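Here is a model to read with its labels in hand.

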Amino acid sequence: MTGLSGVRFTRWPAPEMAGALAGFAALTYPRYRPVLLENPIGPQPAGTPIAGNCFAVTAHAGDMPAGLALVEGMWEGEARLLSIMVAPSLRRRGIALALLAAVEGMAMDAGFTRLCCFHNNRMRDVRAFEGLLQRAGWSTPVLAEIRLTGPAGFTDAVRPHWQSLFDRQDRDGYSHSLWADRTQADRDELASLHEGGQVEERLSLQDWMLSHADPHVSLLLRHRARVVGWIIGERNRQLDCIHYTSGFTIGPLRRCGWMIRGLYEAAALQARHYGADHPARFETFNGNDGMMRLMADRLAPYASEQDRRYRSERVLG
């Protein structure tokens, strides 16, 4: 595939060049480099959108890696642009636009109907990235979630302020247990929640998430002994923190603070197991207004980092 003068573009997977992607590792974020170094990209059958499959487009200027766009299949016909980078000495030549055009073609060939991407307000060169998306016809970025990171020991400071809420919850039958200790009856109740339509699709438990669940902090939430939700914390060894990637309670208990209690108890366990200064990371999506207000008003004062994460998309075809 050719395009700009002197620049050669290649679609991946390209079996005849297996292993060559390792040379592009510097053109993506560290957390995605194993995808390139271990070369699990492909195959991507035409017309069959497969969640979890990755594909990429690379750009060479002579023998020099010039750019890389990396994409992952998600759900409901949607694929996510994980990263797009161009070598600093080759920017402002239209390479990034050409990479985006190429991944759009690959995504459509694979049966996807929409591309999306996320970036946060602390991203380097955020204005340049948003300008690239605008020129490529992507939607205006909208707030998708708020993320806070701070020491797990914040639980000691907030307990006196939340004690009356916790007392009411205890009287109403709140309890929790470790996710790792769940019984067959617990598994049946979790399945019933999903099969009964009580769990929104974007909140449903995913295998990749559970495979990384930290056994010391991940919880089942209960109401009068029955399973009504969960908190899943993932140990992020690269950042040395616990990232609480999934939390859920059934609708009637959301206004009763069950999620807040679960997050508190998980962070308190984290502080005891890993130390009060060990970072805890929480996030909530746009539209969850109550949780956003709680994070902004109650948790933000204890955070060492605050991120606003934005979403853009491109409808294909």
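**Labels and what backs them**

Q: What is the bridge partner of S175 in β8?
A: S175 is bridged to R222 of β8. This comes from a predicted model.

Q: What makes β7 and β8 a pair?
A: Pairing requires at least two bridges found by DSSP. β7 and β8 have 5 bridges, in the antiparallel sense.

Q: Why is β8 called mostly covered?
A: Buried means under 20% relative accessible area. In β8 (residues 219-223), 4 of the 5 residues are buried, so the strand is mostly covered.

Q: What makes β1 and β7 edge strands?
A: The open sheet has 12 strands, in the order β1-β2-β3-β4-β5-β12-β6-β11-β10-β9-β8-β7, with mixed pairing. β1 (7-12) and β7 (174-178) each pair on one side only, and they are the edge strands. From one strand to the next, the twist averages 25°.

Q: How do you know that β4 and β5 pair, and in which sense do they run?
A: At least two bridges are needed. β4 (residues 78-86) and β5 (residues 114-120) are joined by 3, so they pair. They run parallel. R80 stands opposite C116 in β5.

Q: What makes helix α3 a helix that packs on the sheet?
A: A contact needs heavy atoms within 4.5 Å. Helix α3 (residues 126-135) touches β4, β5 and β12 (305-315), so it packs on the sheet. Its direction makes about 165° with that of β5.

Q: Which residues of α3 are buried, and what covers them?
A: V126, F129, G131, L132 and L133 are buried. Their cover includes β4, α2 (95-109), β5 and β12. After α3 comes G137, with a positive phi near 85°.

Q: How confident is the predictor, and where is the pLDDT below 50?
A: The average pLDDT is 86, and 90% of the residues score at least 70. Over residues 39-44 the pLDDT is below 50. That stretch still has 26 contacts in the model, beyond near neighbours in sequence.

Conventions: Residues numbered from 1 in each chain as written. Predicted model: local features only at pLDDT ≥ 70, side-chain atom pairs only at ≥ 80, totals over all residues. Heavy atoms only, no water. Helix = DSSP H or I, 4+ residues; strand = E, 2+ residues; numbered from the N terminus. Axes fitted to C-alpha atoms, helices over the stretch in contact; angles between N-to-C directions. Buried < 20%, exposed > 50% of the residue type's maximum accessible area, 1.4 Å probe, protein only. pLDDT = per-residue confidence, 0-100.
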